[in-house]
Every structure is written in C-alpha cells, then in structure tokens.
Amino acid sequence: MDNGSPEGLVIDNPQDGLFRVNRRAFTDPHILEWERERVFAQCWLYAGHESEIPTPGDFRARRVAGRPVILVRGTDGQVRVLLNTCSHRGAQVCREKAGTAKTFQCAYHAWTYTNQGELVGVPGEEAYSEAFERRELGLRSAARMESYRGFVFVSFNPASEDLVSYLAGAREYLDLVCDQSEQGMEIISGTQLYSMRANWKLLVENSIDGYHGLPTHKRYFLEFLPDTGVEVQGMRIAGRAKALGHGHAVIENPEVPFGRPVADWIPAWGAAKKAELEATYQKLTDRCGAERAYKIAKVSRNLLIFPNLIINDIMAVTVRTFFPLAPDYMEITAWALAPREESAEDRALRLDNFLTFLGPGGFATPDDVEMLESCQRGYANVREVEWSDISRGMQRKEPLATDELQMQVFWRRWHELLTHSQSAQMQTQRAAAL
Ligand code: FES
Ligand code: FE
C-alpha cells in the first residue's frame with residue numbers, strides 16, 4: 001500500500017480471524033476522490049420514494065451522493081430523476097426543496113424546462129444560430145433509474161446491472177419492510193437533515209453495529225426505557241448478522257422491546273393499545289402466515305444497502321442516506337416510512353419513536369454523533385495508530401448482531417470496488433496504451 005493506491009487498505013484474513021482497516025480510508029482526500037469515481041458513480045443509490053411525489057408535477061429537490069437532482073413526477077405521471085443544472089451555464093433550475101410545478105425556470109437567464117425535462121423557453125432565442133438545437137438542451141437525467149416497491153434508485157453508470165440483481169439478498173429484507181402494510185408504505189412528510197464531522201463510512205458501520213448499543217446509549221437503555229415500563233434487567237439481545245451479497249448486510253434482533261406500532265406493545269402505551277396491536281398482528285398473520293408475520297413484525301432489522309442506504313426497522317422505520325462532502329464531513333438525510341393504512345394514533349406513536357431514538361435530537365443519534373466525531377478526531381494519530389480492528393466474531397459460525405461481520409461485508413465490497421472497478425481497469429488500459 002502507498003498513498004497513490006487503494007491496494008492494501010483492508011487486511012482480510014479469515015484463516016487467522018483478523019480483519020483490519022487502514023485509518024487512511026477515513027482521512028485521505030485521494031480516497032474520497034476514488035470513492036466518488038468508483039463507488040458513488042458506479043453503484044445504485046437511493047434517490048427517494050415514489051410516495052413523496054404522488055401527483056403529476058410533484059417534485060423534491062435534493063442531493064444524491066452530493067449531486068443536486070430533482071425527483072419529479074412529470075405531467076405524464078412518470079417518475080424521473082433530473083439533474084438539477086441548467087443546460088445554459090449551470091445554475092440549479094429548481095431552488096425550492098419541494099412543491100408542485102409544470103415547469104422549472106432557471107433564475108439566472110430564465111431558460112424554462114417542463115417537469116419532464118424538455119427545454120421550452122429561451123428568452124431572445126433569435127440571437128442563436130441554426131446550430132443551436134433546443135431539443136438537445138433539455139435537463140439531463142441520471143444514466144439509470146429504477147424503482148423497487150416504491151424505493152427509487154439511480155445509477156450514474158449507464159452499464160449498471162439491473163436494480164433487482166444489484167439488491168441481491170437485500171431485496172428479501174426490503175420485502176419484509178414493505179409487507180408490514182397491506183396498502184403499501186409511504187414516506188411521512190418531514191425530513192431530518194443533519195451533518196457530522198466524521199467520515200461517511202463511520203456512519204455505515206455505526207448504523208449496523210449491535211456492539212455499541214449499551215455502552216454508547218446507556219441513557220436510553222438504563223434511564224429512558226425503564227421509565228416506559230420496559231423490563232431492562234436481564235434483557236437478552238440475541239440477534240444475528242447476515243451477509244446479503246454485493247456489500248449489503250443486515251442485523252436482526254428478535255423481540256426487542258422498544259415498542260413497534262405494527263405489533264410490539266410496551267406498557268407506556270396502555271392496556272387498550274395492547275388489545276389493538278394484538279388484533280393488528282393477527283391480521284398480519286392471516287395475510288402472511290405465522291412465520292412471515294413474526295419475521296415482519298417481531299424481528300427488528302438494521303439493513304445496509306451498499307453503499308449508503310440504511311433502513312432501520314426497529315421501533316419505527318427510518319430510511320437514512322448520507323454522503324461525504326470531505327473526508328471528515330458528511331450530510332445525512334432521514335425519513336420515516338409507515339404503512340399507509342395506519343391509524344392516526346399509531347402514526348403518532350410511530351413518529352414519537354422515530355424522534356425518540358434515531359432522531360437528530362433523540363436518545364441515540366446525539367450519542368452516535370459524539371462517538372463518530374470522536375473516532376474522526378482520534379484518526380489525527382493515523383501515522384502512529386494506523387489500523388482499526390474489525391475482527392469481532394470473524395470465526396464464529398453464525399455471527400451475532402454484536403459481531404462485526406456486517407462491517408466486514410461492507411469493507412470487502414468497498415475495497416473490491418476501489419481496487420478493481422471499471423475505472424481502475426480503464427486507467428490501467430489507458431496507461432498500458434501509452
Ligand atoms: Fe440557466 Fe443561464 S444558467 S438560464
Ligand atoms: Fe447508536
């Protein structure tokens with residue numbers, strides 16, 4: 001390994017049960033450049049959910065892996081992901097975060113585009129020559145866009161495999177999230193936006209890390225939960241970690257007593273709610289069968305879809321994505337996902353849970369921010385303390401949620417893409433041709 005190459009940043013030695021990541025992966029600006037090119041420009045990335053733009057003209061302007069895009073349902077009813085940059089000289093044509101529009105007009109020189117991306121207005125068009133072709137100057141789209149059960153993904157790589165193949169084993173877990181509803185899941189309006197002075201991969205690790213729960217979130221487990229009537233003494237977290245292919249992974253925990261509006265009752269919700277939730281669970285069992293209903297509603301999951309989508313289906317469903325702006329800085333966006341048919345009361349419980357634990361001001365996230373920023377500060381010692389150890393449970397036959405298999409899965413794929421990506425191959429070919 002040298003500074004000019006990503007080779008050797010990961011030590012993966014299953015025989016001896018050792019897995020290490022070089023801390024340069026969290027600090028080096030070259031590595032961020034390679035990630036932009038070989039990870040974020042190659043993989044399928046979550047752009048939003050169809051339920052956010054239910055009617056023609058609805059749009060959401062946001063960033064996907066740092067690029068400004070417009071998630072929009074055109075007048076023709078089709079969902080598109082348009083790149084939010086004017087064909088004239090580059091300004092972002094959509095400056096509102098959300099709304100409904102037939103057209104987007106660039107504020108700079110007033111070129112106007114339809115919500116399907118066509119350029120329809122150029123002030124003083126007579127000043128242009130015949131070579132000026134309006135039809136070629138519409139808003140560009142991401143190279144690929146596909147959706148799976150309402151989750152819209154884009155890829156900036158025209159040669160990407162199809163989305164379902166890309167999702168590999170993660171698809172089954174997305175199904176478990178979606179199947180808790182008979183009528184389909186929807187994003188609840190309202191977005192959590194926050195940032196951390198930490199490398200984005202620290203949040204990948206943290207979002208699927210069962211090991212840190214009790215030490216980092218003592219306040220929640222030992223102070224808040226007992227106040228809600230939950231019996232914390234002797235609580236057994238018996239979760240498992242699973243690799244799902246293509247860098248995706250999940251940790252699952254059966255019967256974690258946080259309260260889930262879909263099935264799991266906690267004493268703080270009162271006796272009437274208990275009967276109601278039992279009825280909800282019975283309905284789910286009738287629809288999906290006992291085994292699947294149990295998996296859907298009684299087993300929680302933290303799902304990583306490589307590289308930067310996390311779905312935490314614990315006491316609410318949090319959909320979280322994030323991207324780096326610098327090696328030591330990331331922006332995070334999170335939304336709550338819920339069954340459409342949920343009662344107003346259950347929706348209120350869900351939103352309460354959504355804020356209470358994983359919300360930016362909740363019991364978990366501020367603790368996690370503190371820890372991840374602390375890791376990042378620690379990496380200032382990278383020259384002397386070069387490696388992070390991620391070996392936990394490496395030789396266990398059935399790794400636990402408190403092991404580190406799920407992170408190993410991520411890092412393996414990350415390392416593979418950085419070292420064997422198409423662009424790396426192209427560069428080698430180019431170099432060979434010189
Ligand atoms: Fe958009 Fe000029 S940059 S109209
Ligand atoms: Fe945490």
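Colleague: What order do the strands of the open three-stranded sheet have?
Modeller: This is a predicted model, where local features need pLDDT of at least 70, side-chain atom pairs count only at pLDDT 80 or more, and totals for chains, interfaces and linings use all residues. Residues are numbered from 1 along each chain as its sequence is written, chains are lettered from A and ligands numbered from 1 in the order in which they are written, and side-chain values use heavy atoms, leaving out hydrogens and water. Strands here are DSSP runs of E, at least two residues, numbered from the N terminus, and two of them pair if DSSP finds at least two bridges between them. The pairing in this sheet is antiparallel, and the order is 3-12-11.

Colleague: Which residue in strand 12 is the bridge partner of Met 145?
Modeller: Strand 11 runs antiparallel to strand 12 (residues 151-155), with five bridges joining them. Met 145 has as its partner Val 154.

Colleague: Why is strand 4 largely enclosed by the rest of the structure?
Modeller: Buried means under 20% relative accessible area (1.4 Å probe, protein chains only). Strand 4 (residues 58-64) is largely enclosed because of its seven residues, the number buried is five.

Colleague: Which residue in the turn between strand 4 and strand 5 has a positive phi?
Modeller: Six bridges join these antiparallel strands, and their hairpin leaves two residues between them. The one with a phi of about 50 degrees is Ala 65.

Methods. Helices (H or I, at least four residues) and strands (E, at least two) are DSSP runs, numbered from the N terminus. Buried means under 20% relative accessible area, exposed over 50%, partly exposed in between (1.4 Å probe, protein chains only).
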